[in-house]
Amino acid sequence: MEKLDKNSLWERRKFIKNTFKFATATAFIGFGGLDLFAFPPLKKTIKKVTLNNGVKMPILGFGTMDLRDALGEKCVAEAISLGYRLIDTAFIYSNEEAVGNGIKKSGIKREELFVTSKLWVDDMGYEKAKAAFYTTLNKLGLDYLDLYLIHRPRGDVKGSWKAMEELYNEGKIKAIGVSNFDNHQLDDLIANSKIKPAINQIETHAFFQEEKAQESLNKYGIQMEAWAPFAEGRNSLFVDKNLSLIGKKYNKTNAQVSLRWLYQRGIIAIPRTSKKEHMIENLEIFDFELTKEDMRAISKLDLNKTQFLEWT
């Protein structure tokens, strides 16, 4: 979203400027009195989904791709102060240290947070995966991860998964999963492993809805998680007229409609932003409900193809 033109950003922000009422509308747990950011206590608890190993994970979190160094540190601390408890990062984002510093600055107890990172393709394989995990843990400054994912199905997937299974059994990771795996790749992994993935994090948004993938994951008992829930603004998502018409009924933005749509599908989402007003906006999706007609209208926006050809 940071690459949008000024008009697109204004369209997204006008709701915030006209109805700045986050003090009573946000739906997350309190942030433990973090005075630095001067925000009122958050009065409700976000819904959590239960993964296939019994671990509970927030259904809405904060993504950190491209948020590095001082900016990344500041954004993570601000997000936590506003009520985000799920923080998603990855080795390839080159920001694990910044994320760890932001967590420290937040003042929130470690057990209240759900921290995810990912194993990159260069570190695939049993020995390399274990070493990469501890590098990630040290950069984050944590004793354990709540979730660790294989970022892409490349290289020695089975050896990497074996290493992750051992780390899981040792209590270093609360849940293990994958990202960007298709059904065939999941079948192969499950057939050759002792522990089934808890998560598959895949591209999911209004223009690439992945309904068949969700059906398959439900059969596997694997939770679906959406990366790029706004398609990073591609295909003009933030000013799409169809989403805007739905949003007008509830005085909500396209971004909020998009997140609510994922929420009602039971899909975890991790929107990323460096703007505090957008962090707040993304939290304000729990005080309205899309109708069946709304959901059907959004389903018609599906182009059934990735918006990130560079990732294929």
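## Getting to know a predicted model

Mentor: The protein chain has twelve helices and ten strands; both are DSSP runs numbered from the N terminus, with helices (H or I) of at least four residues and strands (E) of at least two. This is a predicted model, where local features need pLDDT of at least 70, side-chain atom pairs count only at pLDDT 80 or more, and totals for chains, interfaces and linings use all residues. Residues are numbered from 1 along each chain as its sequence is written, and side-chain values use heavy atoms, leaving out hydrogens and water.

Trainee: What percentage of the residues in the protein chain is buried?

Mentor: Let's settle the word: buried means under 20% relative accessible area, exposed means over 50%, and partly exposed is in between (1.4 Å probe, protein chains only). Out of the 312 residues in the protein chain, the buried share is 58%.

Trainee: Which residues of α11 are buried?

Mentor: Helix α11 covers residues 276-283, and six of its eight residues are buried, so the rest of the structure largely encloses it. The buried ones are H278, M279, I280, E281, N282 and L283.

Trainee: How much space lies in the largest pocket?

Mentor: On a 1 Å grid over the protein atoms alone, a pocket is an open set of points where a 1.4 Å probe fits, with protein on both sides within 12 Å along at least five of seven lines; lining residues have an atom within 4 Å of a point. Grid points are joined across faces, edges and corners, and a volume is the space filled by probe spheres set on the points. For the largest pocket, that comes to about 680 Å³.

Trainee: Of the residues lining the largest pocket, which lie nearest its centre?

Mentor: Its lining has 14 nonpolar, seven polar and ten charged residues. (Nonpolar is Ala, Val, Leu, Ile, Met, Phe, Trp, Tyr, Cys and Pro; charged is Asp, Glu, Lys and Arg; the others, Gly among them, are polar.) The lining counts 31 residues, and those nearest the centre are M65, D66, W227, E232 and R272.

Trainee: Which elements each supply at least two residues of the lining of the second largest pocket?

Mentor: That pocket holds about 430 Å³ of space. It has 22 lining residues, with N180, F181, D182, I202 and E210 nearest its centre. By class, the lining has ten nonpolar, six polar and six charged residues. The elements that each give at least two are α7 (183-191), β8 (199-203) and α8 (211-220).

Trainee: What word describes how α4 and α5 lie to each other?

Mentor: Helix α4 (residues 96-106) and helix α5 (residues 126-140) pack with axes 7 Å apart, at an angle of about 40 degrees. Axes are lines fitted to C-alpha atoms, for helices over the stretch in contact, and angles run from 0 to 180 degrees between N-to-C directions. Under 35 degrees counts as roughly parallel, over 145 as roughly antiparallel, 65 to 115 as roughly perpendicular, and the rest as oblique. The two helices are therefore oblique.

Trainee: Which residues of α4 and α5 make the contact?

Mentor: Contact means heavy atoms within 4.5 Å. By class, this one has two nonpolar, two polar and four charged residues. From α5 come T136, K139 and L140, and from α4 come E96, E97, V99, G100 and K104.

Trainee: Is D69 buried or exposed?

Mentor: D69 sits in helix α3 (residues 69-82). Most residues other than glycine have a negative phi. D69 isn't a glycine, yet its phi is positive, at about 55 degrees. Its relative accessibility is 59%, so D69 counts as exposed.

Trainee: What is the relative accessible area of N304?

Mentor: N304 is found in the segment after α12 (292-299). Its phi is positive too, near 55 degrees, in a residue other than glycine. N304 is exposed because its relative accessible area is 60%.

Trainee: Which residues does L301 touch, not counting those up to four places away in sequence?

Mentor: L301 is also placed in the segment after α12, but at 11% relative accessibility L301 counts as buried. L301 and L243 are 58 residues apart in sequence, and their C-alpha atoms are 9.2 Å apart in space. L301 touches A206, F207, Q209, D240, N242 and L243.

Trainee: What distance separates the C-alpha atoms of N53 and K174?

Mentor: N53 is in the loop between β1 (48-50) and β2 (56-58). Setting aside neighbours within four places in sequence, N53 is in contact with Y168, K174 and A175. N53 and K174 are 121 residues apart along the chain, but their C-alpha separation is 8.9 Å.
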